[in-house]
Amino acid sequence: MDTYAVHLAMAALVGASVVAVSAYYMHRKTLSQLLEFAKTVEKEVAPGGGVEGGDESPMHLKKRRGGARRKGGRGYRWSSASLPDVATVSGGGLDGEEKRNGAFHVEGIPAGLPRLQTLREGKSAQSGSFKRSLLRPTSPKSPVVSASAFESVDGSDDDDDNLGDSVKLDTTYLHTNGNVGPEGKNPYESLPDHVNANGEQMAIAPSSMIRSHSVSGDLHGVQPDPIAADILRKEPEQEVFARLKITPLESPSPDEVEAYVVLQECLEMRKRYVFKEDVAPWEREVISDPCTPKPNPDPFFYTPEGKSDHHFEMQDGVIHVYPDRDGKDELFPVADATTFFTDLHQILRVIAAGNIRTLCHHRLNLLEQKFNLHLMLNADREFLAQKSAPHRDFYNVRKVDTHVHHSACMNQKHLLRFIKSKLRKEPDEVVIFRDGTYLTLKEVFESLDLTGYDLNVDLLDVHADKSTFHRFDKFNLKYNPCGQSRLREIFLKQDNLIQGRFLGELTKQVFSDLAASKYQMAEYRISIYGRKQSEWDQLASWIVNNDLYSENVVWLIQLPRLYNVYKEMGIVTSFQNMLDNIFIPLFEVTVDPDSHPQLHVFLKQVVGLDLVDDESKPERRPTKHMPTPAQWTNVFNPAFSYYAYYCYANLYTLNKIGLAMSPLSNNSLFLDYHRNPFPMFFLRGLNVSLSTDDPLQIHLTKEPLVEEYSIAASVWKLSSCDLCEIARNSVYQSGFSHALKSHWIGKEYYKRGPNGNDIHKTNVPHIRLEFRDTIWREEMQQVYLGKAIIPVEIDK
């Protein structure tokens, strides 16, 4: 075995040696062939970079396609065969006459293409200089201003180093055919007006600049933009924009004229129902310097006031006011129910008319397309105008949450922390009376088999999910923490055993968050149910006793449409009882403030009234002759328009067109976010704003209003200008005082168009508001057939 192993090892050694020797000789032969080939190539190349014999075979071109090592007067260098050799073209290796007139080939460029031309000899700005530079397109760092307004307008040292010292050319001078100028003519004679004989840039008048992305015949003929220069200098600018002139080619047809006449009647009908003050707020309180109003040091201080001589009576569901008890002349007459429902039916007939539907559909689509066209022409100008407004941006313009329910104004994490805090600090507080027993907070949670450690956001279960879509009943159940109505009564009600103390403390914390944000305000909606007249005094007492006041907050009263529920429970006997419970205390405190002092103080912070219910429920159309509220004794709930008339007739307050929409809330309840009509309303120019509705059920962050704006911007591709316009709308349609609005959005906010805008406060460019005002005026002239009288100010 040992001899066999030795023989096997010797055989392997001999075989390996033979293989190694063979590989050595093969490698040496290959190197010799490569060296001979290289010598042959060097002999074929001319000393100046030309090719011996004039032409080069296709095989040689193919071999040298990727790149070639070329030899010039200054030694070897590497260059790409895919681009022309500038040094070769500029004079490397050719004599003078051949440089001027001789035809030569550049590797990698087909002979059929037009040749790149250079400035002729002796024509450079510096005499005695024989150096020439190849004309080329300017890079993005060129001295010529780019089409983008955000690129630098200063020259680039990198590009200046590449150009010849004696020649500075503008890109507009290079035409697509590669020619510098007419043959045999001084090329500087055809230079643009803004380039002098030395090739240097000259000052250009702003009026001669055209903001365009291309110029006919030029390769990159983009002209400087004076707006960008104004922005960089941070100087106030005069905003201009491309105005749309879209007028019909012919006069309206008889069918359209008929439709416009009907629309005129509807607008005149509207004027009869809109209440206008005799003296507008901006006329009653002239503000010359809209500085920050001083906060009220004692908002709940009550000064006794005398009783008025006015007398009021409730007649058929509407309160009538007289100068005194013996007076017979009504001071504030309002349309009766029959007139109201007759006008309502007229509006419904107009809506159903085919010719009017077609006309309005076309006009509304045209409004959308006009806005899209405006953005195509002026979006950049709007953004540049925003950049010129110092300090102001979307985050520090005032925004009002115009629709948010008070009992859901906190987010779910905030409520969870508050509940855990109370369990830890006040476990022995008696909080509820149930089943004949008073229970402490600790006992309530023990009855639910819960501890503070067990609680989390998921167990709280107050966030709306897929199960609430088209289920208003399930959405309302989300107000019950952990699904328990007793926890809602303890933490989210003001009329409970502890007089709403927990909800008051929680509200103060929300107020503190609003004050910290500084630029966010809210109109909190709080309910009056109409079960008894003492509800107003209880609500006012809760507000005053818990000192619930903030400069960032005003209140709205919401009236749930629950007549049918109270009727079945025997709480009310007719709809008239409900109206008495809602409106009689308001008129009592107006005539005699001493009768309800806390309510008198609270009403100074109340700015409106709202009806709430599931509007998706189908309802029967009301007839012209509806039963009076005293006659409405059945268990069926009156129609929404029935509620609306008696609320309108008793309040007779300012009627706004403004719409406050909560897309995220509707997304959880009735309508998918992508089908929400908000972007369509905004394109058409309606006065719309964003709101949160129910942060407890809908939102996830500490700033739900900003979250609402953020999601809207992401889904609907809203720009910064759009968001700031929506924020301005929210302030404009809110119930905050004239002094605050003057401080927040400008002292002349009540004027139409750009005259009522202060970009330094709203961050909305005048361009946008001028467009809105122009389109509105055009539509009014269209409806009134060119005879509309346009007021300077908004409706009072």
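The model is predicted, so local features need pLDDT of at least 70, side-chain atom pairs count only at pLDDT 80 or more, and totals for chains, interfaces and linings use all residues. Residues are numbered from 1 along each chain as its sequence is written, and side-chain values use heavy atoms, with hydrogens and water left out.

Let's start with a pair of helices. Two packed helices are described by the angle and the distance between their axes. Helix α10 (residues 354–388) and helix α26 (residues 720–733) have axes that come within 9 Å and cross at roughly 90°. The two are therefore roughly perpendicular (65 to 115 degrees). Their contact (heavy atoms within 4.5 Å) is made by Phe371, Glu382 and Gln386 of α10 with Ser720, Cys721, Asp722 and Cys724 of α26.

Next comes helix α21 (residues 640–651). Nine of its 12 residues are buried, so α21 is largely enclosed by the rest of the structure; buried means under 20% relative accessible area, exposed over 50%, and partly exposed in between (1.4 Å probe, protein chains only). Among the buried residues are Tyr642, Cys647 and Asn650.

Asn763, in the loop between α28 (759–762) and α29 (766–783), has a positive phi of about 60°. Are these two buried or exposed? Asp316 is exposed, at 54% relative accessibility, whereas Asn763 is buried, at 2%.

Notes:
Axes fitted to C-alpha atoms, helices over the stretch in contact; angles between N-to-C directions. Helix = DSSP H or I, 4+ residues; strand = E, 2+ residues; numbered from the N terminus. Parallel < 35°, antiparallel > 145°, perpendicular 65-115°, else oblique. Expected span 1.5 Å × (residues − 1).
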